[in-house]
Amino acid sequence: MLASKTVCTQCRSRLLASAAKVGTARPNSTANFPAATAETSRTEAGAQQPSRTQSRKPPPTPTRAKRAAGDPRAKQRALDLFEEIVSSKPQASPGPSKNVSKPYRLVDELDTITQNKENLSATEVAVKSYTIVKTKLLPVLQQTGTRLPPILMTKAAMAVYQVANAKIANIDNADLPSVADICKIYADLNNTRVLRRMELIVNFLRAIVSSRSELGAEPVEERLLDDLVECWKHVSGLKRGNSGMASHTEFWLTSRSDLWGMEEPVKLFRTLFPLFSHNELRGFVPALVTTFVLFSEPKHAPTMAKAEAQPLMEALNPIVKRFGREELQPLFDGYPELWSFVQPRADWRVTRTVPEAWKEPSAPVVVKSSHTPAEGRFSYAVWHQRFGIAFRSSSLTEAKQTWRDLINPANDDKRADRLRRSPELFDYILFLACGKREEGASKMTSEILAYMEGLGLMPTLRTYTSMMNGWKQARRLDAIEQLWASITRSGLKLDEQIWSVRIAALGHLGTERAGLAALKEMESMWDTAAKDGKLGQAVPPGIASVNAAISGLLKRDRMDVVHAVLEWATKKGLEPDIYTYNMLLSHMLKNGSSDEVDALLSSMKVAGLKPDAATFTIILEAAFMGLDKKTPKEQREAINAVFEEMAACDIQPNQEAFGKMLHVLTQKGEAADYAVEVVLGHLRRSGLEPSTEMCTILVEHYVSRERPNLNSIRALVADRRSRTRALTDRVFWETVIKHYHRAGDLDGALEIVYDLDDWGIWPGLPLLEPLLRSLISRRDWDGAKKLVATVRKQARPQAAAKGGRYWKHAFWAAAEDYRLLDDM
């Protein structure tokens, strides 16, 4: 008995030390991967027990590990884990309570669902898993106040990981949780890794913009925009308090206008998230820039999501616009889908000149990290980026070497387990490999598929769609048709997306009527399935499939076949949607077919379809092409022609249309000043008042030059004040405040701040902090105290919590540093 007791004590001590190491692992360590955690536990438990004669010197552990080992809760978790692993059956205990055992039963139920013995679809499994986690597991953990042991935590985290993958693959599925809710569930499961959130947000943005890279694309659904804003709120407050499902999210950003003069984009973007380390923020620059560009589009201006995103937009605006396409493009290496969306929209006038006070110090302080890279570290984002760069080379040499590095690492013997949980990475690699025409691309594709099979990863419909998209780019129609024949023979259920890829490829690369033939084939398979009572195995033709056929044909300028496709669609009851009209309109305007454009717009009116923002964009871009090189008279004639065209089609220009015109014109800089005045003249004659969005666009236009036109801004402000005494257009006035300050008119900016205060409108602290620092810089102590006193007396809801986040903002830190709060 004595020997048995001694061995048990040693095992317990060793487990306590290992538990402390795992508990204090760095966020980017492989110890935080689910598979690594579970495997480490099994290895430690099964290790050979030391004899009495062996040295009892414990292995050197970090200081944090020693503290964790002394934590009673850490000891109890380690002992629970020990008894669970080494015991053949559960240890008898004096009547465990029902609440303590319930999390174990729920995790077992969750594990059974994720094993998918019922052969459900990935979406169905994800919905069931999410329901259990949200409605059963999390409430139990909150009621008992306990944390799951590491093994159970691993199972729960893997289930949430599957839910996240299903959501990204089906962002329109209302049964799946939002991406923000998935991030919050991770927080409730004590997973605070920033890198995992960034991977989710990047993949979410890919799913949003992948079909909207064209400038005339339809607006993003507002629920997706709301989800994106909520994600950024969650990330910004991740290390500042509770970030779980029950938390109230808000933006928590750091404004460092004194660093806006830095020339390094990554370093400048990082100032927004000072609590995150460099290796936690992979992909955050492409994600932030894409989010900024997405919300900057006028078609998203009226949404509530745009208003909620305003703090983030204001923080990003001076940073993003410091850099043009040439500086931003290298930051998007590995993110081609995001760059395809950003690149055509990154047409802002770069702000090069910054006040002396904003410039970076000549000798910045460099903080060296004491952390060393962890062995066996694996990151989906890093490998995604590496393969994106490797496949840009003209040969496959670099891509093949990257593939060998991925599957045969020198320091990660658990790589296969990690890759088994990243099927989307293989889909991306296959897309890149199939998109190459070089010799050896087919062989590499076969190697990737064979390796997936060895891991037990069977190709899914998404995998096949990725391969066909790649072959479409490589113009390899034969490969697409061979794969299609194999898929149909296997009886795999097809969806409209893979049909659309094939139809678009046939329309672009096949014979003249191959796309139309594929539509008819799709209809025939649906009819057969309906007769046999197997509707679940087929998908009916939709307008999306028709649009795919048209898009391929338009690339070949085969309008005769396009008319045949439209006739077929009309007979089948598939009415063209606004996306169909916009594709045709863009093609006709580029070819100068004005008569056909008139007929198309009339047809759109008869069909009851109202032109959307994309329609106006197409018309305006075609009409205003090269406008900056025309004389004032020619500019006036071109603009008048647009209004005459709209009147002929009985399209009454509204505020949105005028706003879009101003947006297109102001992108041309000062050369469009006369054209802007012509449009404003039409606006006044129409009887419409300038909207907040239009005034904001004009302010941005007047300041986006080497010498900001303050006189024009003041005239605009005077006109705005003459229309109403109430300063209720918060976005506009905050934009004016910001640009007044940047242009050096601090007093004018403060005047508006105090006017807004009279109307109960309180600008955010990120906007007010630079004003306060400028007052301090010019030693205007009375003005600084007045500003601080004004803000302090405002009854802001977030100010109610004493010691809360509101009072930790840099605005109050500056006030405290210079004793501006004394006697208040």
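Mentor: Helices (H or I, at least four residues) are DSSP runs, numbered from the N terminus. This is a predicted model, where local features need pLDDT of at least 70, side-chain atom pairs count only at pLDDT 80 or more, and totals for chains, interfaces and linings use all residues. Residues are numbered from 1 along each chain as its sequence is written, and side-chain values use heavy atoms, with hydrogens and water left out.

Trainee: Where is Asn317 found?

Mentor: Asn317 is in helix α14.

Trainee: Buried or exposed?

Mentor: Asn317 is buried, at a relative accessible area of 6%; buried means under 20%, exposed over 50%, partly exposed in between (1.4 Å probe, protein chains only).

Trainee: What is Asn317 in contact with, leaving aside neighbours within four places in sequence?

Mentor: Phe292, Glu700, Lys738 and Arg742. Contact means heavy atoms within 4.5 Å.

Trainee: Switching to α10. How many of its 15 residues are buried?

Mentor: In α10, 11 of the 15 are buried, so the helix is largely enclosed by the rest of the structure. Among them are Leu224, Trp232 and His234.

Trainee: Which helices do those buried residues pack against?

Mentor: The buried residues of α10 pack against α8 (179-188), α9 (194-209), α12 (284-296), α13 (304-308) and α14 (310-320).

Trainee: And α24 with α26, at what angle do they cross?

Mentor: The axes (lines fitted to C-alpha atoms over the stretch in contact, with angles from 0 to 180 degrees between N-to-C directions) cross at roughly 25° and come within 7 Å. The two helices, α24 and α26, are therefore roughly parallel, the term for angles under 35 degrees.

Definitions and conventions. Parallel < 35°, antiparallel > 145°, perpendicular 65-115°, else oblique.
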